[in-house]
Amino acid sequence: KAKEQYLLVLEKDKSKIEVWSQVLFIQVEQNNFEEILKTSYEALEYFPTEALFYYFNGVANKYYENYDEAITSLKNGVEFVLENQNLLIEIYSSLADIFHKVDQHDISDGYFEKGLEIDSNNTVILNNYSYYLSLRKTNLEKARRMSLRCNKIEPNNGTYQDTYAWILYSMNRYDEAEQWMLKAMLNGGIESAVVVEHYGDILYRLGKTNEAKSQWKKAMEMGGKTNFLEQKVKDGILYE
């Protein structure tokens with residue numbers, strides 16, 4: 001209802017930047033990326049130097065995998081950020097995610113580093129950066145340190161615990177990985193197909209093949225769609 005009223009205001013007067021902002025924040029709360037994309041484009045016609053609108057536009061384009069458009073919008077946003085360091089961190093983090101998705105890892109790492117220069121304790125960047133490094137099996141000790149710091153800042157977060165467990169797994173430290181993965185499972189990870197599949201991989205490396213297959217099967221039943229999950233369930237063998 002609030003959104004409807006704000007939109008009525010915009011029909012009569014499109015000059016109030018605060019109203020555009022409120023509409024976009026509500027659309028974000030509703031996870032309505034189609035509306036975010038449309039509204040952000042229209043808002044930028046009236047406020048072409050507003051960093052926040054470029055950020056929303058970039059996030060929506062990222063959701064639809066329009067990566068070139070997303071990168072352009074987010075880079076434009078950087079140019080117009082004045083003193084909002086939190087927004088700048090969000091933009092850098094989004095750019096890092098996108099460049100990771102398009103396999104431009106050096107650029108991705110660079111944006112994560114820019115974000116950490118502003119806030120070295122930003123848990124989202126610490127978690128995502130370290131997880132991406134683990135997926136590439138690159139700079140694993142650095143990844144471990146970042147992830148551990150993230151978990152100290154925000155303990156009992158199943159997502160962050162899963163990341164730390166996966167880094168330990170990538171370092172062949174399977175016993176420790178299992179301990180951390182059990183923590184992750186207790187803190188909500190049991191609801192995530194990715195976490196459950198990770199747990200199965202760890203169990204397999206520990207020689208618990210039947211338990212591993214059981215976890216993989218659960219992950220698939222939960223809707224898991226990673227590259228090798230179906231094959232792991234079918235053959236009872238770890239594929240990576």
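Predicted model: local features only at pLDDT ≥ 70, side-chain atom pairs only at ≥ 80, totals over all residues.

Setting aside neighbours within four places in sequence, Met181 is in contact with Asp162, Ala165, Val195, His198, Tyr199 and Ile202. Met181 also belongs to the largest nonpolar core, a group of 68 residues. Together with Phe53, Tyr55, Leu87, Ile91, Leu95 and Tyr169, Met181 is among those that touch the most other members of this core. Which helix supplies the largest share of the core? That is helix H6, residues 85–101, with 9 residues. As general background, nonpolar side chains in soluble globular proteins tend to be buried together.

Let me now step back to the whole chain. The chain holds 14 helices and 0 strands. Its C-alpha trace spans about 65 × 35 × 30 Å along the principal axes. Of the 240 residues, 48% are buried. Among contacts with a separation of 6 or more, 47% join residues 24 or more positions apart.

I turn next to helix packing. In general, two packed helices are described by the angle between their axes and the distance between the axes.

The axes of helix H4, residues 51–63, and H6 come within 11 Å and cross at roughly 25 degrees. An angle under 35 degrees counts as roughly parallel, and H4 and H6 are therefore roughly parallel to each other. Their crossing is left-handed. On the H4 side, the residues that meet H6 are Ala51, Leu52, Tyr55, Val59 and Lys62. Their counterparts in H6 are Leu87, Glu90, Ile91, Ser94, Asp97, Ile98 and Lys101. By class, the residues of this contact between H4 and H6 divide into 7 nonpolar, 1 polar and 4 charged.

Helix H8, residues 123–136, and helix H10, residues 158–170, have axes that come within 9 Å and cross at roughly 30 degrees. That angle makes H8 roughly parallel to H10. The crossing of H8 and H10 is left-handed. H8 contributes Thr123, Val124, Asn127, Ser130, Tyr131, Ser134 and Leu135 to the contact, and H10 contributes Thr159, Tyr160, Thr163, Trp166, Ile167 and Ser170. How do these residues divide between nonpolar, polar and charged, and how many fall in each class? The contact of H8 with H10 has 6 nonpolar, 7 polar and no charged residues.

Ser147 lies in H9, residues 140–153. Is Ser147 buried or exposed? Ser147 has a relative accessible area of 1%, so this serine is buried. Beyond its neighbours within four places in sequence, Ser147 is in contact with Ser130, Tyr160, Thr163, Tyr164 and Ile167. Of these, Ser130, Tyr160, Thr163 and Ile167 also take part in the contact of H8 with H10.

Most residues other than glycine have a negative phi. Glu65, in the loop between H4 and helix H5, has a positive phi, near 60 degrees. At 57% relative accessibility, Glu65 counts as exposed. Lys137, in the loop between H8 and H9, likewise has a positive phi, near 55 degrees.

How values were computed: Residues numbered from 1 in each chain as written. Heavy atoms only, no water. Core = buried A, V, L, I, M, F, W, Y, C linked by side-chain atoms within 4.5 Å. Buried < 20%, exposed > 50% of the residue type's maximum accessible area, 1.4 Å probe, protein only. Helix = DSSP H or I, 4+ residues; strand = E, 2+ residues; numbered from the N terminus. Contact = heavy atoms within 4.5 Å. Axes fitted to C-alpha atoms, helices over the stretch in contact; angles between N-to-C directions. Parallel < 35°, antiparallel > 145°, perpendicular 65-115°, else oblique. Left-handed = near helix turned anticlockwise from the far one by under 90°. Nonpolar A, V, L, I, M, F, W, Y, C, P; charged D, E, K, R; others polar.
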